[in-house]
Amino acid sequence: MYDVKDKKIVLEHGTINKGIIAVASGKGGVGKSTVTVNLATALAELGHKVGIIDADVRGFSVPRILGVTDKPRAVSEKEIIPPEVKGIKAISMGSFVDENSPVIWRAPLLAGALEQFFKDVRWGEIDYMLIDLPPGTGDMPLNIMQKVPHAETLVVTTPQVTATKVAGRIGAMADKMDHEIIGVVENMAYYRCSECGSKDYIFGEDGGQDLADFMETELLGQLPLISEVRRRSDSGNPIVFDEPESEISQEFIKIAKKLVEREQGFDEKVEPLKLNMDPK
Ligand SMILES: Nc1ncnc2c1ncn2[C@@H]1O[C@H](COP(=O)(O)OP(=O)(O)OP(=O)(O)O)[C@@H](O)[C@H]1O
């Protein structure tokens, strides 16, 4: 699907210079796509060139959250120009099918779509590629992780024990795939009272930290639950772009800075695992 040269990922139509970050979650609805898009905008705010692959092909939501209105443009059978929002290039199954249509393809076909997203899209030169994985530890996320051995995994969870326990399985999956887990982001960590400013840990406290300890990784940040995020996601205005000074945007920027501080570039030695995940 790609080569590695001079510590860079060389694609058919571009290069990835610094990192591929696969954003994973154990359960659905914990805010994985919201975190993917806002982290991408935070990295862009820090001056990096970012691409997003919405690999949550059945439950795609990146186009809506990022505010993608243009369609991808095919310049040839093997070259697609991705839509761009404020410099962030994004490709999603949602760009090809109607938002209300169910995607009923079987897993191998969907895996083929992912391969096309890597190979046929004109990414140009980007620093970071973020991959919004399907939730859980089923065939689809496994398949994707297997195809992209140079990706590192970032785990999104909410603080509830039910969510963190399921997210813990991502650790085992990443281990199997030889992916490094770069950290945990705890979403909906608390609600800040607009009257008195106090924090209310509605879904419990320390779930993200406990998960990070369990996976022997770092808790990268704790994002508050705020209705503004939901509203902005629904209307395609990521909060980090519009309100960079807000508490949640600052937390996204803090997380992005931690990602940027990591060692950059790709090791040529990583070999794709030869596991057969395709369901027959
Ligand atoms: N910090 C937050 N505060 C308020 N609402 C949030 C927050 N994070 C996410 N949401 C909202 O929660 C809902 C689920 O978020 P999102 O679609 O990002 O979850 P997901 O984990 O990607 O779901 P799935 O994996 O099922 O696609 C959305 O309506 C989103 O706007």
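**Reading the fold and a helix pair**

Modeller: We begin with burial: in this predicted model, 47% of the 280 residues of the protein chain count as buried.

Biologist: What radius of gyration does the protein chain have, and what would a compact globule have?

Modeller: A compact globule with 280 residues would have a radius of gyration near 19 Å, and the 18 Å of the protein chain agrees with that. The C-alpha trace spans about 55 × 40 × 40 Å along its principal axes. Of the contacts with a separation of 6 or more, 78% join residues 24 or more positions apart. The secondary structure comprises 9 helices and 14 strands.

Biologist: How is a pair of packed helices described?

Modeller: Two packed helices are described by the angle and the distance between their axes. Here, the axes of helix H5 (residues 161-177) and helix H6 (residues 207-214) come within 10 Å and cross at roughly 25°. Because angles under 35 degrees count as roughly parallel, H5 is roughly parallel to H6. The crossing is right-handed. Among the residues making the contact are Ala-167, Gly-168 and Gly-171 of H5, and Gly-207, Leu-211 and Phe-214 of H6.

Biologist: Where does pLDDT stay under 50?

Modeller: Where pLDDT is low, the predicted coordinates should not be read in detail. In this chain, pLDDT stays under 50 over residues 275-280. The average for the protein chain is 88, and 90% of the residues score at least 70.

Methods:
Residues numbered from 1 in each chain as written. Predicted model: local features only at pLDDT ≥ 70, side-chain atom pairs only at ≥ 80, totals over all residues. pLDDT = per-residue confidence, 0-100. Contact = placed C-beta atoms within 7 Å. Helix = DSSP H or I, 4+ residues; strand = E, 2+ residues; numbered from the N terminus. Rg over C-alpha atoms; globule rule 2.2 N^0.38 Å. Buried ≥ 20, exposed ≤ 12 C-beta atoms within 10 Å, placed from the backbone. Axes fitted to C-alpha atoms, helices over the stretch in contact; angles between N-to-C directions. Parallel < 35°, antiparallel > 145°, perpendicular 65-115°, else oblique. Left-handed = near helix turned anticlockwise from the far one by under 90°.
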